[in-house]
Amino acid sequence: MANIARLLTKRAQDQLNVVYPLQVITRLNSSCKYLTEHIPISNKSWEFIKTEVTGEKKNVAVITLNRPKALNALRNGLMKELSTALKAYGKDANISAIVLTGSEKAFAAGADIKEMAPNTYSQCIQGNFLNDWTEVARTQKPIIAAVNGYALGGGCELAMMCDIIYAGDKAKFGQPEIALGTIPGAGGTQRLTRVVGKSKAMEMCLTGNMINAQEAEKVGLVSKVIPADQLLAEAVKLGEKIGTHSNLIVQLCKEAVNTAFETTLEEGLKYERRFNHATFSTIDCKEGVKAFIEKRPAKFINE
């Protein structure tokens with residue numbers, strides 16, 4: 001009987017492996033894909049970042065860069081995880097705003113130089129180096145950078161991709177690529193110039209000198225300087241405040257403001273006016289106006 005059982009078991013295994021491999025593999029792949037897609041993003045296991053949803057209404061996502069030993073140096077694996085998390089939160093109707101932060105020592109001290117060192121010109125061109133680092137700038141929902149410690153090179157560029165920057169009182173910003181024999185490649189010469197002006201941008205990019213949080217606020221790079229131990233809480237409060245408004249209208253407003261960096265004043269004003277007109281076709285605009293007249297809080301439904 002034991003021999004017969006072993007024989008039947010072997011035949012069943014052979015049949016499974018030979019006759020049904022495609023069906024079995026397809027079902028397994030589908031199951032794994034389903035499980036992966038339906039795991040809440042904040043419960044996923046990450047290697048280089050941490051995620052959570054917070055706030056009184058649980059409508060603010062917090063993404064923390066998590067390479068403390070490397071001062072959160074930005075490597076491809078980290079940026080891919082960040083891109084994945086941003087895309088997921090972007091599709092989550094319960095999330096109104098996203099906070100991006102690092103550690104108290106460093107928001108991000110730059111790109112991972114060891115990973116970048118073997119790059120050649122042809123590899124950079126053909127592989128479109130740094131193109132995948134721009135998901136922050138493409139995300140429709142508002143992103144708040146909560147910057148403590150160093151935000152240098154790619155770290156400064158990453159902060160500038162965000163919509164609002166809050167800085168801890170010990171934060172330092174800079175574009176030190178010139179000291180490595182290269183130049184910024186993810187917005188350091190472009191976004192920085194638009195924010196702080198040509199002269200200051202030239203000084204920072206050509207010398208590699210850092211500026212502190214107070215000077216960054218003075219030149220308009222950050223909107224507020226906050227004690228380091230209160231920074232994340234204040235950034236979350238800002239996200240919650242944004243979340244009291246219509247997510248739909250917030251996204252339209254964000255796009256209108258960003259258009260100011262991409263076009264002429266005349267074209268930007270036309271774009272803004274058309275967006276303003278479009279809001280009057282939304283349920284949320286009608287509700288907002290009605291609530292104001294009736295002196296009550298608006299109840300937005302993001303439509």
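Contact, as used in this report, means heavy atoms within 4.5 Å. Helices (H or I, at least four residues) and strands (E, at least two) are DSSP runs, numbered from the N terminus.

The model is predicted: local features need pLDDT of at least 70, side-chain atom pairs count only at pLDDT 80 or more, and totals for chains, interfaces and linings use all residues. Residues are numbered from 1 along each chain as its sequence is written, and side-chain values use heavy atoms, with hydrogens and water left out.

Of the 8 residues of α7, 8 are buried (buried means under 20% relative accessible area, exposed over 50%, partly exposed in between, with a 1.4 Å probe and protein chains only). Among them are Cys156, Glu157 and Met160.

Two strands pair if DSSP finds at least two bridges between them. Strand β8 (residues 172-174) is antiparallel to β9, with 2 bridges, and Phe173 stands opposite Ile211 in β9.

Strand β7 (residues 164-168) is largely enclosed by the rest of the structure, because 4 of its 5 residues are buried. Its pairings are listed below.

| Strands | Sense | Bridges |
|---|---|---|
| β5 (residues 143-147) and β7 | parallel | 4 bridges |
| β7 and β10 (residues 224-226) | parallel | 3 bridges |

Individual partners can also be named: Val147 is bridged to Ala167 in β7, and Gly168 to Ile226 in β10.

Arg67 is found in the loop between β2 (60-65) and α3 (76-91). Arg67 counts as buried because its relative accessibility is 15%. Residues up to four places away in sequence aside, Arg67 touches Phe48, Asn72, Ala73, Arg75, Leu78 and Asp112.

Leu206, in helix α9 (residues 198-207), counts as exposed because its relative accessibility is 57%.
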